[in-house]
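Subject: Structure for you to look at

Hello,

Here is the structure I said I would pass on. Please open it next to this message and read the two together.

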Amino acid sequence: MTTNDNNSAVRFLPECEDLGSLRTAAASCEGCGLYRDATQTVFGEGPDSARYLFVGEQPGDQEDRQGHPFVGPAGRVLDRGLEEAGIGRDEVYVTNAVKHFSFTSRGKRRIHQKPTAAEIDACRPWLSAELAAVRPEVVVVLGATAARSLLGPSFRVTRQRGEPVPMGDALAVATIHPSSVLRAPDRDAAYAGFLSDLRVAAGAAPHTR
Ligand code: URA
């Protein structure tokens, strides 16, 4: 163990890294401070043979309460995009770069807070293990936090979105985060761009399975 392992999920990884064991182990993760205020770990979900692995930022308020990724408003945008891009839900594993909800409290409201670089780095062992367990053909990177985790800090989603880039044995396609579609001044245009990137991702899978 190195000194950095104190601020990392790495010491919580199970010996056997199948998805079930990973999910069970992640439930007790204290690899960064976010576990203290979050309700629970929200681990990825989907088949272990999924062709597509989608990576978001972190669970939101609804996801934190329900314990499942992308079940709130951003998830509805994602579901619509998947359907319209012709990507079947049963072909998709959905997860987040950070597995605990980061927020600040304002009265009774919990306001989403962007995870820090240290939190993203601390959580990366879970994401790497999910990628190794699923071995997807296409990784869809949703927004800047997922891009930082998977493609490095110099990757710019605004400039490099919708272009397949090699990522190990897979191809990665970055796009905007579905919640940014909901915040955009022109939602229709933002959604059209998002969908166009998802169509690139749909076409990037080799269709050999
Ligand atoms: N936003 C994310 O990035 N992930 C979720 O699971 C929900 C909202």
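A residue counts as buried when its relative accessible area is under 20%, as exposed when that value is over 50%, and as partly exposed in between, with a 1.4 Å probe and only the protein chains considered. Aspartate 197 comes out as buried on this scale because its relative accessibility is 7%.

Two notes on how to read the rest. The model is predicted, so local features need pLDDT of at least 70 and side-chain atom pairs count only at pLDDT 80 or more, while totals for chains, interfaces and linings use all residues. Residues are numbered from 1 along each chain as its sequence is written, and side-chain values use heavy atoms, with hydrogens and water left out.

The ligand

Which residues surround the ligand? They are Gly56, Glu57, Gln58, Pro59, Gly60, Glu63, Pro69, Phe70, Asn96 and His177. A residue is put on this list if one of its heavy atoms lies within 4 Å of the molecule. The shell divides into 3 nonpolar, 5 polar and 2 charged residues. In this count Ala, Val, Leu, Ile, Met, Phe, Trp, Tyr, Cys and Pro are nonpolar, Asp, Glu, Lys and Arg are charged, and the others, Gly among them, are polar.

Next come the polar contacts, meaning pairs of N or O atoms within 3.5 Å; within protein, one atom must be able to donate a hydrogen and the other to accept it, and residues adjacent in sequence count only if both atoms are side-chain atoms. An oxygen atom of the ligand lies 2.6 Å from an N or O atom in the side chain of histidine 177. Backbone atoms take part as well: a ligand oxygen is 2.7 Å from a polar backbone atom of glutamate 57, and a ligand oxygen is 2.9 Å from a polar backbone atom of phenylalanine 70. The ligand on its own exposes 240 Å², and the protein buries 93% of that area. These areas come from the Shrake-Rupley method with a 1.4 Å probe; for residues, only the protein chains shown count as cover.

Two residues of the shell

Asparagine 96 belongs to strand 2, residues 92–96. Helices (H or I, at least four residues) and strands (E, at least two) are DSSP runs, numbered from the N terminus. Is asparagine 96 buried or exposed? Asparagine 96 is buried, because its relative accessible area is 2%. A polar atom of its side chain lies 3.4 Å from the backbone nitrogen of glutamine 58.

Phenylalanine 70 sits in the loop between helix 2 (61–66) and helix 3 (73–85). With a relative accessible area of 7%, phenylalanine 70 is buried. Its phi is positive, about 55 degrees, although it is not a glycine. Most residues other than glycine have a negative phi.

Elsewhere in the chain

Arginine 135 also has a positive phi, of about 45 degrees, without being a glycine. Its place is the loop between helix 4 (117–134) and strand 5 (138–142). Arginine 135 counts as exposed, because its relative accessibility is 59%.

Glycine 44 is in the loop between helix 1 (19–26) and strand 1 (52–56), and at 0% relative accessibility it counts as buried. Glycine 44 and leucine 131 are 87 residues apart along the chain, and their C-alpha atoms are separated by 10 Å.

Serine 8 lies in the segment before helix 1 and is buried, at 10% relative accessibility. The side chain of serine 8 reaches the backbone nitrogen of valine 10 at 3.0 Å.

Proline 178 is part of helix 7, residues 178–183. Its relative accessibility is 0%, so proline 178 counts as buried.

Regards
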